[in-house]
Amino acid sequence: MTFTVDDADVYVNGAPQRWLSPPRNIGGRTMLPLREAAALLGQPLQASGTQVQLARLSLDTRKNTAALSGAAQPAGTVTSVGAVTYVSVRTLADALNANLIGEDGRTFTLTALRDGGNPMIPQARFSTDKNVYAPGERVVFTEYPFDPDGADITARRWTGRQDVYFQPGTYTVTLTVTNGRGLQSQPFTRTIRVEGQPIDTPLTYALKYAQPGDAFPDPQVLNYPAALISPQPSPSYPLLFSDSPEVPDQSGILYQDSVTGRARLLGYHLNGLNRGARLYVLARNLESRPVEVRSERLGETAPTRIESILGQVTLLEYFASAGGTTLTLSPGQSAAVYASPTLSPGSGVNVMQDLSTSGKVELTYVMLEDSLPPTPQVVQQLPYLRPDGRHTRGTFPDAVRTLRVTLGALPTRLIIGDGRVDPAVTGTDALTGQSVRLSGNYGVLYDLEVNGAAGTAVALSPRGGLYRGAMNIQDGPITQTIKLPRTGNALKPDEPVLLWRAQSDRLNIDFVPSSGSNLPISLIFYRTGRVDAEGGVIKTYRP
């Protein structure tokens, strides 16, 4: 039965019919006239006074209440319009074990079996492009499961399926599907035979077919020579970094410094208070004239208890942002340029924000218990919290590191965040005056330009342990942010994660070391093939 809200036309098995009382939207629910809908669907309706039974649905038309298999349904599931009883189409579909598909929020198709007949189970089906493959040859699967009663296929479960098999042998692949009513198909099985001369190794296959964010094996990854890096002049603006005390146990000022013009802020803190708290970054105008503070880019994650999530989600938000609000501050006035959601005890926040100011502004990172407002009067009474001695805070003059690489012999690797090949930035803790070193360069944006990149692939190899992050790629007209890895964590140096396959000769990569992850990392560049004028690969690389 296909119908549209407020439309008298209805189609049953494709044949046009007419409603006497058309479907309605009542209280945000799509509602059908109960008796007409049951008749059109061929479903028996039993009535005794105000009590009505339709399949698993029991209704009281006087009280406008409903129960599904004995479970009371929410208020509004049943209502009366004049003398006509209306029922929620979603509840009706559940009562009949029917399939309900909405096309545009107004037009729906409800598929049910007449007379409450037993529904047939869905059917699993798939094929492969051939039956015999060489080791390392890609297998193309085509799925075509169906449901005899028109229900949606909502779940698929595979066993034995691989996109490639590297060892000779016979492999059994099985598919089982489930429909929207929860009915499961019988397993459907095909057999694949793998024999003959190998076409690809796991590495060469990954360089051809892996998706950005996928890990692949490369046991030689640590033996590749280092790429020749040419540092370039970078935009000169500071990074204000607040990570100490990383877990404040009382309300207080975490870090504070003043800036003029552009600045990047990075805050990384866990709530160590025994109550809810929020992280604020407050801006105060130090000029004798109005000053504008513009948020150019903002990424944040809060709240979460999983530290590696903090950095990755923040970077994905940061690369996706495209400008924000502008505050105009009167002389001496302060306002929050960032305020986190409430952090429950033990949960954390990571925020990275690029600001631009038209004058001198004092920036203050504050952790406040929920009951305290971030007013100047409250902030003036807060203590400056001492660093914890293990983490870093400070102002670092180099928020951007610009590097240029021209690729030659491949594979090669570019090392980031090791403190030797890639030195740590140094700065000053404005609250103590002490010199500080930012190991890992968290919050520093690496502006990497790679020349001679056409026909290459670049991957990330975690060298310090668990890594979850993101990178922004510009390859000719294409700009894309890549989640690294696509799922889970990157853990092993010899299982790099594919970042990109370059089509243009110049590849630009924006990379920020991810808070909560481990440094260093290496970017590995592989030759996948030579690209002709039309972008086609002429020769495939084999290491």
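Biologist: Which residues are linked with E143 in a network of salt bridges?

Modeller: Quick caveat before that: this is a predicted model, where local features need pLDDT of at least 70 and side-chain atom pairs count only at pLDDT 80 or more, while totals for chains, interfaces and linings use all residues. Residues are numbered from 1 along each chain as its sequence is written, and side-chain values use heavy atoms, with hydrogens and water left out. A salt bridge here is a side-chain nitrogen of Lys or Arg within 4 Å of a carboxyl oxygen of Asp or Glu. By that rule, the network joins E143 to R156, R161 and D163.

Biologist: How far apart in sequence are the parts that E143 and R156 tie together?

Modeller: Their side chains meet in a salt bridge at 2.7 Å, N to O. E143 lies in strand 17 (residues 141–143) and R156 in strand 18 (residues 153–159), so the parts tied together are separated in sequence by 13 residues. Strands are DSSP runs of E with at least two residues, helices are runs of H or I with at least four, and both are numbered from the N terminus.

Biologist: Over which ring does the charged end of R161 sit?

Modeller: The test is that NZ of Lys or CZ of Arg is within 6 Å of the ring centre and within 35 degrees of the ring normal. R161 sits 4.5 Å from the centre of its ring. The ring belongs to W158.

Biologist: Which residues form one aromatic cluster with W158?

Modeller: Rings of Phe, Tyr and Trp (its six-membered ring) pair if their centres lie within 6.5 Å; planes under 30 degrees apart are stacked, over 60 edge-to-face, and the rest tilted. With that rule, the cluster holds W158 together with F126, F141 and F188.

Biologist: Are the rings of F3 and W19 stacked or edge-to-face?

Modeller: F3 lies in strand 1 (residues 2–4), and W19 in the loop between strand 3 (15–18) and strand 4 (24–26). The ring centres are 6.4 Å apart and the planes stand at 85 degrees, so the pair is edge-to-face.

Biologist: And F3 with F108, how many residues apart are they?

Modeller: That aromatic pair is stacked, with 5.7 Å centre to centre and 25 degrees between the planes. F3 is in strand 1 and F108 in strand 14 (residues 107–111), which puts them apart by 105 residues.

Biologist: Back to charges: is E362 buried or exposed?

Modeller: E362 forms a salt bridge with R284, the closest N and O atoms being 3.1 Å apart. R284 is partly exposed at a relative accessible area of 33%. E362 has 17% relative accessibility, so E362 counts as buried.

Biologist: With which residue does E369 form a salt bridge?

Modeller: E369 lies in strand 28 (residues 348–369), and its partner in the loop between strand 23 (252–270) and strand 24 (277–285), so parts 94 residues apart in sequence get tied together. The closest N and O atoms are 3.5 Å apart, and the partner is R275.

Biologist: Last one: what covers the buried residues of helix 3?

Modeller: Helix 3 spans residues 202–209, and L203, T204, Y205, A206 and L207 are buried there. The cover includes strand 35 (456–462), strand 38 (497–501) and strand 40 (521–527).

Terms used
Buried < 20%, exposed > 50% of the residue type's maximum accessible area, 1.4 Å probe, protein only. Contact = heavy atoms within 4.5 Å.
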